[in-house]
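Work through the exercises below with the sequence and the model open. Try each task before reading its solution.

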Amino acid sequence: MFLIKTILVLVLSFLLTLFLPWWSVALAAFLVGLVFANKPGNNFIAGALGAGIFWFGYAFYIDIKNEHRFSGMIAQLFSDSLQTNISSAVLLMITAFLGIILGGLSCMAGAMILDNGIRRKKAFKTGKYTLKIK
Amino acid sequence: MSLLFSCIHLFNFDVTSTMKRNLFGILLSLVLIVLIIFLGRPFGSTPAIGKFFSPMHGFWKNADIKEFNNTSFELDCIHGKATVIYDSLGIPHIFADNEADLLYAQGYAEAQNRLWQMDFITRFAAGRMCEVIGEKALELDRFNRRIGVPRAAKKCEEAMMKDETSKMVLESFTAGVNAYIDRLSAKDLPIEFKLMGYKPEQWSPYKCALLMKYMAKDLTYYDADIERTNAMRMFGKEVYDKMYPENPSPEDPIIPVGTKWNFKSVDTLPPFGSGAGGAQTPAQPTALYKNPFQHLMSPTFLGSNNWAVSGSKTAGGKPILCNDPHLQMSLPSIWIIMQLNCPGLNVMGATIPGAPGIISGFNENIAWGVTNAERDVINTFSVEYNGDKTAYKWRDGFEDFTYDVQVIKIKGQNDFIDSVRMTKVGAVVYDENFGKMADQKHLAVYWRAEEPSNDLKAFYGLDHAKNHEDYLNALQYYSCPGQNFVYADKDNNIAIRQQGYFMLRTQEGDGSFITPLANADLYRLKQMIPVEQNPYVLNPERGFVSSANQKPVDNSYPYLTNGVYENLRNRVINNVLANSANIKARDMMNLQGNNLSLLAKETLPAMLAYLDETLYTDELSKKMIQTLKSWNYYAEANKEAPSFFYQWFEQVANLTWDELDSKTVSLIRPQPYVLSQLLVNDPQFKLFDRIATDTAETAKEVVDLAFKKTVEYFTAYLEEHDNPKWKGYKNTTVQHLARLDAFSIKGINIGGWHNIVNATSDFWGPSWRMVVDFGSGKPTAYGIYPGGQNGNPASKNYSNMIPLWASNNYYTLGFYSTKEEAMKSMNNTQ
């Protein structure tokens, strides 16, 4: 189930990105979260992974194809204006991080909004789940 | 982050609190929306982070390019289809059935390669930089508007649109650019738009006019009326004439000395002071002026070379024509190479993105090239007000001002409104609101480029010209900035004409100085030298024509031709051409890359002679003297001598012109050749004396002290650098148009300097090099420029020509008669 969610986030964000603005990755993860509504934590990881892989993978693919030429320039641009040393790899990491945060949180938010508690009730009955009350 | 932890904690909190959890989901969604809005917004000069990093929308998308090299496509145009064939260099060869479609496709292809540059430069010209980069551009925007770049463009547009052909050209070209813009989605915008967070505007004929007036400003606004007025007042006529000589010597004008003028001067007006037409003797103003905007003017070392040699001097027995315009080099490049082909037209060469047609190039019959005329086309007048400053003194009475109200939009701020007083001659550019000038120092400016003109028609005519008559016919439409148009054709004619609409000047008070507005002679100001009387020569006896921004004519020419002239490159070029025979294209390329410093050749022996060598015993000094003594005066990239010489010469200039370093009065340094000749021929020249000392210095003391400072300079320099080689010292850089270092190329391995034929300095240089050889009966053309065809920094074609350009090499330009021929050639190189 986890793998399906991850792949769905990945594929849907790709499809939506073709037509919608940059935040479509969040929308895709959110929609997948709505459908698989019962495991927020699990959803966070699936969304983060799906969107993260998509953003990182696509950027990485472009970067290889372009022989790191342009990412080097953009890295220098950031280095110059922030007076630090930023490399192409840092840009890829930022890209991946943004994908992870947007995908993860969105997928989790979707899950929580439509969570009806069924899974946890089941788990509670079968003893797989223990109740902790502060 | 703490939010994240608290919600993970929540998972185990309470099984039954589904509602709470749903509420939390809604809360999280809201937080997400805020986050997305936050990441989607630019902050100051930082682009919107989310959008900028999204691999399918932001900068990664710009790196995801399909290069144009060896591709072709068909484009639906106005009447039919055009075919655009990109060759192995990314040069578009455009084929169409009619001119409208051809120009439509040209607009499309220019936008495909250079859209941001086109948008940026025309915004710059219109005084609209504040809209995209904020308040820091306010002074610049106000300057461009006050001097009248947009006003001039408006009049130029009107004049062009009155002409049927020009209208067709502009409208077709505009439609092509807009077709590209309309098809461009936000994620495919050039990177600079994404960085600065704005979008391209629709193109228009007005924008073409803005581009032309941008060039006019660039190529005429080295004007120094303020500075020269001050110099005349401070130093007197005798010293002034030595600093800014009207007749540079040795004399080597564009039109060979002794050429006869077969016309009579049209200047039959009575001279100033006779009272006719109300004109009075131009009284000298008594004030000294400060120009607060000197940094926004063009520098005086602007330049270019062009020449043509006749068949009598070439190996092929037919002319060879060469052109290399020197401008501030930029990325994306100033120029783009194109071929335009339709029935009745087949032309190739370089054009400026945003301009239809070809500006420096060749067709099947002729070739032409341009250099700047450097004539003075700006007059500055001092304004005298009535009591409440609503009117200005004119003749014996007062005239009311009109007002040009400029609304400047500023990113993130309220509009700035600049109300500019307008007089009969032009705007009051410098006043209490701009430059904080005292009332009696306000200045109105007349700029020739503000007169309505259809300069486009000249280039249209040149593109189509079949022979020498067509060339002359085309040029009559060309008004400003004055250019030296060199010409060669397959029928063995060569010619050069200095063309522009130049003000008729024969008297003192000729426009070099500030004169009272009240006495301005409007009739005289607007009257121009008839174009057929402009400096011109066809097939001169010496077998070549050339120009390198020197004075156009000798003193037999019946009009004043004041300007800011060069007198070094011209002599090197003419010397080489006069002494050459059996010339091949490669020889002409070598001349374009010629690094001989005539300045050093003429000055260095004298400088070394003034130097008391026994005073310099340290290693560095001895090495410097030795290096300079054994130098052959060629400023080549790997030599150390040019670094020593030019630093030393600069120090001499600093010490000599110390009188010009005033903080309260604007002055301008004379040309290097002037200082050179003063050093050699006039060592007692008054200004060699330093104001800081009580003793009276001459050239000798100045040269000596300058050498000490040069040694100090290089002692410090060598602590930070491995060696003083010329290439590292001068650091030739091709800068990105928005001054982004990351998109600029630095430390280019090339020799040359200002006043050298290869005029490559730190930021300036041969922005386009072309050699056209008619030896085979058809034009064989070689071209290159310091950049690349594609303006996208991620493209392989962004700066790919630079190494070959720096090594003085060229590409052979494919010039095809038919679409099929071009297609075949493309397939062969694939």
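**Exercise 1: Backbone exceptions**

B:P332 sits in the loop between β6 (330-331) and β7 (336-342) of chain B. Helices (H or I, at least four residues) and strands (E, at least two) are DSSP runs, numbered from the N terminus. The model is predicted: local features need pLDDT of at least 70, side-chain atom pairs count only at pLDDT 80 or more, and totals for chains, interfaces and linings use all residues. Residues are numbered from 1 along each chain as its sequence is written, chains are lettered from A and ligands numbered from 1 in the order in which they are written, and side-chain values use heavy atoms, with hydrogens and water left out.

Task: describe the peptide bond that joins B:L331 and B:P332.

Solution. Step one: check omega, which is about -10°. Step two: assign the bond from B:L331 to B:P332 as cis. Step three: look at B:C480 to B:P481, where the peptide bond is cis and omega is near 0°. B:P481 is in the loop between α14 (468-475) and β18 (483-489) of chain B. Step four: turn to phi. B:E374 has a positive phi near 65° and is not a glycine. B:E374 belongs to the loop between β10 and β11 (378-382) of chain B. For background, most residues other than glycine have a negative phi, and most peptide bonds are trans.

**Exercise 2: The contact of the two chains**

Task: state how much area chain A and chain B bury between them.

Solution. Step one: take the buried area, about 4600 Å². This is the accessible area (1.4 Å probe) that two parts lose on being put together, summed over both. Carbon and sulfur atoms hold 74% of it. A:W22, A:F70 and A:M112 supply 17% of the area that chain A buries against chain B, more than any other three residues. Step three: count residues in contact (heavy atoms within 4.5 Å). Chain A gives 54 residues and chain B gives 50 residues.

Task: which residue forms a salt bridge with B:D64?

Solution. Step one: apply the criterion, a side-chain nitrogen of Lys or Arg within 4 Å of a carboxyl oxygen of Asp or Glu. Step two: count between the chains, which gives one salt bridge. Step three: identify the partner. A:K65 pairs with B:D64, with the closest N and O atoms 2.9 Å apart. α5(A) gives the most to the side that touches chain B, with 13 residues. By class, that side of chain A has 35 nonpolar, nine polar and 10 charged residues. Here Ala, Val, Leu, Ile, Met, Phe, Trp, Tyr, Cys and Pro count as nonpolar, Asp, Glu, Lys and Arg as charged, and the others, Gly among them, as polar.

**Exercise 3: The largest cavity**

Task: how many cavities of 30 Å³ or more does a search of the whole structure find?

Solution. Step one: set the rules. On a 1 Å grid over the protein atoms alone, a cavity is a set of points where a 1.4 Å probe fits but cannot get out, and lining residues have an atom within 4 Å of a point. Grid points are joined across faces, edges and corners, and a volume is the space filled by probe spheres set on the points. Step two: the search finds 10. Step three: the largest cavity has a volume of about 380 Å³. Its lining has 25 residues, with B:M215, B:I352, B:I359, B:F459 and B:Y478 closest to the centre. Step four: α11(B) supplies the largest share of this lining, five residues. The lining of the largest cavity divides into 17 nonpolar, six polar and two charged residues.

Terms used
1 Å grid on protein atoms, 1.4 Å probe; cavity = no way out; pocket = protein on both sides within 12 Å on 5 of 7 lines; lining within 4 Å.
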